[in-house]
Amino acid sequence: MPRFLFLTWNGAGNQPPAVATAQALRRRGHEITFAGYANQCSYFTERGLRFVLLGRSSAAWRDAAPEHMFAVKLRAVWATPDHLFDLPRLISEELYDAVVIDCLMFGALAAAESTHVPVATLIHSAPGALMPPKGRFESQVLGPVNELRAGAGLQRVGSLWESWARFPSLSNSIRQLDPLAAQAPAAFTYLGPIIEDLPPSGWQPPWQANDPRPLVLVSFSTGPYWDQTSRILRTLDAVRDRDCRALVTAGSIELDPAIVPDNATVVRRIPHDEILPHVAVTITHAGHGTVTASLKHGVPLLCLPNPAGDQPILAAQVQNLGCGLSLEGDTATSSEIGQAIDRLILAPSYAANARLLADAILRSPGISTAVSRLEELCAP
């Protein structure tokens with residue numbers, strides 16, 4: 001059976017769809033190896049997936065203060081010439097039949113243009129939210145990417161989408177969430193959310209099964225690059241005196257139990273599919289995984305995006321589609337958050353529009369198409 005190599009990095013929301021795709025391939029009998037950075041090793045080995053290091057690239061990684069991490073990721077992940085060495089070395093050491101590369105690893109994508117092994121790009125969000133042409137992120141990354149391409153003897157690209165579209169490009173989003181879907185190259189396939197298999201958490205809710213109060217899920221980023229404490233605290237204040245229940249997934253953030261209101265419960269994390277069937281509103285940083293998981297269950301969203309990545313664009317698109325509201329993540333007050341919660345619960349149009357997106361997700365090609373496209377890469 002074919003052997004697949006996945007290249008990825010620790011960007012929080014980019015790893016779950018890669019794992020979900022690998023799990024589906026493994027169920028078909030394929031062998032899977034992940035290659036990445038030292039700080040990812042436990043993430044993959046705990047899921048029973050083989051993991052190897054991108055040697056030079058991983059050595060270039062340095063943990064730093066949040067304000068310096070952009071430069072670290074640019075040098076070690078997004079536009080590193082080290083990928084031009086690491087990918088050919090891995091392919092020469094083991095006989096892989098296909099390679100799946102995270103869309104932000106532009107050095108690896110450049111290296112893949114000169115390899116004989118079939119390659120696919122995994123786009124872990126809506127392309128027009130994650131990397132809009134001429135957007136802020138591209139303006140900071142395109143120059144270094146073209147420098148490394150020149151060093152590899154490759155032609156420059158006019159946009160980062162061109163690097164993706166040189167290969168079959170699989171997005172775990174739906175067209176409705178992408179404000180630039182009409183401009184997407186033919187190589188882009190919108191699969192819909194691809195969700196990894198997780199074991200049941202065993203968590204039991206502290207409230208009665210017949211509790212009539214609407215349930216609010218509070219789910220902010222669990223990634224290491226943004227401190228979500230302020231968003232959680234303002235949201236706790238917003239729900240404190242409201243006739244609702246709140247479940248807060250706090251990740252590694254430690255909250256003083258004394259500040260948690262009686263109608264709120266705090267857990268580390270819980271698989272979205274366990275709780276979302278019971279949720280009335282999700283309050284989130286607008287990460288793609290939480291947005292699509294909520295919409296899959298027809299749950300409207302209140303977005304408090306971090307000012308980076310795809311989050312502001314996804315938050316705006318959620319509001320434009322009428323399936324949620326967006327507030328300024330860093331400055332929205334508890335009063336503003338509370339008023340938005342009331343609107344989302346009391347106005348039926350938000351849930352109705354969220355259910356329309358749930359129907360679109362249900363009709364999306366899904367993981368079976370992802371597996372078929374990847375298996376086609378290996379066909380003789």
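Predicted model: local features only at pLDDT ≥ 70, side-chain atom pairs only at ≥ 80, totals over all residues.
Most residues other than glycine have a negative phi.

For a second case of this backbone feature, select lysine 134, which has a positive phi of about 70 degrees and is likewise not a glycine. Lysine 134 belongs to the loop between helix 7 (127-130) and helix 8 (136-151). Is lysine 134 buried or exposed? Its relative accessibility is 78%, and because the cut-off for exposed is over 50%, lysine 134 counts as exposed.

Now display the open sheet of six strands, whose order is 10-9-8-11-12-13 and whose pairing is parallel. At its edges you will find strand 10 (264-267) and strand 13 (324-326), each of which has a single partner strand, so that one side of each is left without a neighbour in the sheet. Looking across the sheet, neighbouring strands are turned against each other by 15 degrees on average, direction ignored.

Next, turn to helix 14 (residues 334-346), which packs on the sheet and touches strand 8, strand 11 (281-284), strand 12 (301-303) and strand 13. The direction of helix 14 makes about 155 degrees with that of strand 12.

Within the sheet, select strand 8 (residues 215-219) together with strand 9 (residues 245-249), which run parallel and are joined by five bridges. Serine 219 lies in strand 8, and its bridge partner in strand 9 is threonine 249. With a relative accessible area of 5%, serine 219 is buried.

From here, select helix 12 (residues 288-296) and helix 15 (residues 348-363), which pack at an angle of about 95 degrees with their axes 7 Å apart. Angles of 65 to 115 degrees count as roughly perpendicular, and helix 12 and helix 15 are therefore roughly perpendicular to each other. To see the contact itself, show Thr292, Leu295 and Lys296 on helix 12, and Ala354, Leu357, Ala358 and Ile361 on helix 15. The residues of this contact divide into five nonpolar, one polar and one charged.

Move on to strand 5 (residues 119-123), which is mostly covered, five of its five residues being buried. Val119, Thr121 and Ile123 point one way from strand 5, while Ala120 and Leu122 point the other way. Strand 4 (residues 98-102) pairs with strand 5 in the parallel sense over four bridges, and valine 99 stands opposite valine 119 in strand 5.

Then select isoleucine 101, which, leaving aside its neighbours within four places in sequence, is in contact with Leu7, Leu87, Ala108, Leu109, Ala112, Val119, Ala120, Thr121 and Leu122.

Methods: Residues numbered from 1 in each chain as written. Heavy atoms only, no water. Contact = heavy atoms within 4.5 Å. Pairing = 2+ DSSP bridges. Helix = DSSP H or I, 4+ residues; strand = E, 2+ residues; numbered from the N terminus. Axes fitted to C-alpha atoms, helices over the stretch in contact; angles between N-to-C directions. Buried < 20%, exposed > 50% of the residue type's maximum accessible area, 1.4 Å probe, protein only. Parallel < 35°, antiparallel > 145°, perpendicular 65-115°, else oblique. Nonpolar A, V, L, I, M, F, W, Y, C, P; charged D, E, K, R; others polar.
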